[in-house]
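Please read it alongside the sequence and the structure.

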Amino acid sequence: MVRTWCALALDALGRAREEIDAINVYPVADGDTGTNLYLTVESAARAVEAVFDGHATAGASSRSSQGSRDRLPGLPDVVRAMAHGALIGARGNSGTILAQLLRGMAEVLAAEEPAAGPDGGEALRAALRRAVASAYEGVARPVEGTVLTVAAAAAKAASEAPGGAPEVARAADEAARAALALTPGQLDVLGRAGVVDAGGLGLVEVLGALSRALSGESAPPEARRERGHRAGRQEAGGDAPATRAWRTGTESAAACHPAPGGHATPAFEVIYLLDADDTAVARLRTRLDALGDSLVVVGGDGLWNVHVHVDDAGAAVEAGIEAGRPHRVRITHFGPAAGAAARTREPVQRAVVTVVPGDGLAGLCGEAGATVVPAGPGEPPASGELVAAIRRAHAREVVLLPNDPELRHTAAAAAEQARTEGVRVALIPTRSAVQGIAALAVHEPERGFDEDVVAMTAAAGATRYAELAVAERQSWTMAGVCQAGDVLGLIDGDVAVIGTELAATAETVLDRMLAAGGEMVTLVLGAGVPGSVADRLERHVREGHLAVDTVVYRGGQQAAPLLIGVE
């Protein structure tokens, strides 16, 4: 059920992402709440799938008389993985609060597996109560009319609902919808904008997914959302402007209704994971609370996720260093002050913004005139970072190259936000850095925008891509069972070759890709890969495939030792 819940919640947030982003006006109107919630749940869902994969592999390697159910993970393992995945992948204010809500639920469900059996009502009631208490503990200055209010209403209704887990989840879902409709009357900035709380709407989608997972209901999201509107109107006593804005989602409230006057929005959002003990974290809360606002510190057992809005980003990071070991540090400039200096000069006509995984590729793309957004291993950029890069490009027209299929929602959210600021943005769905290189190679800013986008899209689409990676554990793949340490050759995202040595495996991958034809091979070497590997592969292509050119770049990426493109 937890696995199904994660899948349904991810699907629901994916469908509602643009709508949620469009009504994001609090605490900062940066238009990324829906994307941040999606990425948070995506991280939770990945962690859950990893637990199932691990148990499946263990079962496959030690087949015995045990039934298949014995090879499935238990509820404690799954809910802990869900909470941990959400914690390390939490984005933004609402994503961080959602991570703590899931952690609170996991604390109860992991300890009460027998009570969460066929009935499970009491365990779910207790889990939702603990989730809300935990979330309020994590927020330095709770504000009503936000996701916290919606969560509290859901937990209260669940505590009073009779029946088993499906009935309890349904009661929580319905109460959350009713509470969401009331948020504009509780928070002035929402009332002025005529919208409900964006984070609260995201939580409604998550609770709706929980209800559907437990009850087996298969109503499509739009039908569920319309039922929620009717419930909200009955509760609020009419079709309030907030309810209409929630339903239509046709206008960016973030663009039309900035933060109220008299309140200076801090310049930066700072997020990092922190390894520290409870005592140090208590001191950190006090120090960060004095530095800024929207402070949320969640987690426990030595690992914390810290989120704060400040004017002095350096001081916020230094406070983390004093408390413990901060890592995965993300600093996002909110603007519009971010572009103030740039706006003193005339914008260029067109620019390219590209996401790259290594310093070498960053230098290559920068020399070609692109604005670069770095992406580290397991650290894809948030939509706010992409928006900031588009602003830095200071162009009337921007071509955005995400170079990763996992960034499709993030890049779409950034493009939509930039459009509300008057920038014409074309998003080319590049799935690999080598496709981005191919697109950038044919970019000509002198020709018409549409013509340029078509040419770049065609170049990217004509480039098959592959990457070499090292298996971290035994697992089933499209090419068979791999062992930890094996070299995996992934072609167009699927494992096609399993080998034991990098260059030999790459040769097999190249032969398979070139069997369908090709004129140019691009090799991007990762950090620490010797040049002799490139020399061997160039020789292999030259001797085995006539009239095929090879170009080699030092990419410096950490995650994949070798990227391959065939045009």
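At what angle do helix α16 and helix α17 pack, and how far apart are their axes? The first point takes up this question; the model is predicted.

1. Helix α16 covers residues 383–393 and helix α17 covers residues 408–420; the two pack at an angle of about 45°, with their axes 8 Å apart. That angle makes α16 oblique to α17, and the crossing of the pair is right-handed. On the α16 side the contact involves Ser383, Leu386, Val387, Ile390 and Arg391, which meet Thr410, Ala411, Ala413, Ala414, Gln417 and Ala418 of α17. By class, the residues of this contact comprise seven nonpolar, three polar and one charged.

2. Glu385 also lies in helix α16. Its C-alpha atom is separated by 8.4 Å from that of Ala414, a residue 29 positions away along the chain. Once neighbours within four places in sequence are set aside, Glu385 is in contact with Arg330 and Thr332.

3. The crossing of α18 and α19 is right-handed. Gln435, Ala438, Ala439 and Leu440 of α18 make the contact with Met456, Ala459 and Ala460 of α19. Six nonpolar residues and one polar residue take part in the contact of α18 with α19, and no charged residues do.

4. A further pair is α5 with helix α7 (residues 165–182), whose axes come within 7 Å and cross at roughly 35°. Here too a handedness can be assigned: α5 passes α7 in a right-handed crossing. From α5, the residues in contact are Gly121, Leu124, Arg125 and Leu128, and from α7 they are Ala165, Val168, Ala169 and Ala172. This contact of α5 with α7 divides into six nonpolar residues, one polar and one charged.

5. Thr146 is placed in the loop between α5 (121–138) and α6 (147–160). Is Thr146 buried or exposed? Thr146 counts as buried because its relative accessibility is 7%, below the 20% cut-off. Not counting residues up to four places away in sequence, Thr146 touches Tyr26, Leu187 and Asp197.

6. How many disulfides does a search of the whole structure find? The search returns zero. A disulfide is a covalent bond between the sulfur atoms of two cysteines. Cys6 is buried, with a relative accessible area of 5%. Cys482 is buried as well, at a relative accessible area of 2%.

7. Some totals for the chain complete the note. The secondary structure comes to 21 helices and 16 strands. The chain has 567 residues, of which 54% count as buried. What percentage of contacts between residues at least 6 apart in sequence join residues at least 24 apart? For this chain the value is 71%.

Technical notes
Residues are numbered from 1 along each chain as its sequence is written. This is a predicted model: local features need pLDDT of at least 70, side-chain atom pairs count only at pLDDT 80 or more; totals for chains, interfaces and linings use all residues. Side-chain values use heavy atoms; hydrogens and water are left out. A disulfide is a pair of cysteine sulfur atoms within 2.5 Å. Buried means under 20% relative accessible area, exposed over 50%, partly exposed in between (1.4 Å probe, protein chains only). Axes are lines fitted to C-alpha atoms, for helices over the stretch in contact, and angles run from 0 to 180 degrees between N-to-C directions. Helices (H or I, at least four residues) and strands (E, at least two) are DSSP runs, numbered from the N terminus. Angles under 35 degrees count as roughly parallel, over 145 as roughly antiparallel, 65 to 115 as roughly perpendicular and the rest as oblique. A crossing is left-handed if the near helix is turned anticlockwise from the far one by less than a right angle, and right-handed if clockwise. Contact means heavy atoms within 4.5 Å. Ala, Val, Leu, Ile, Met, Phe, Trp, Tyr, Cys and Pro count as nonpolar, Asp, Glu, Lys and Arg as charged, and the others, Gly among them, as polar.
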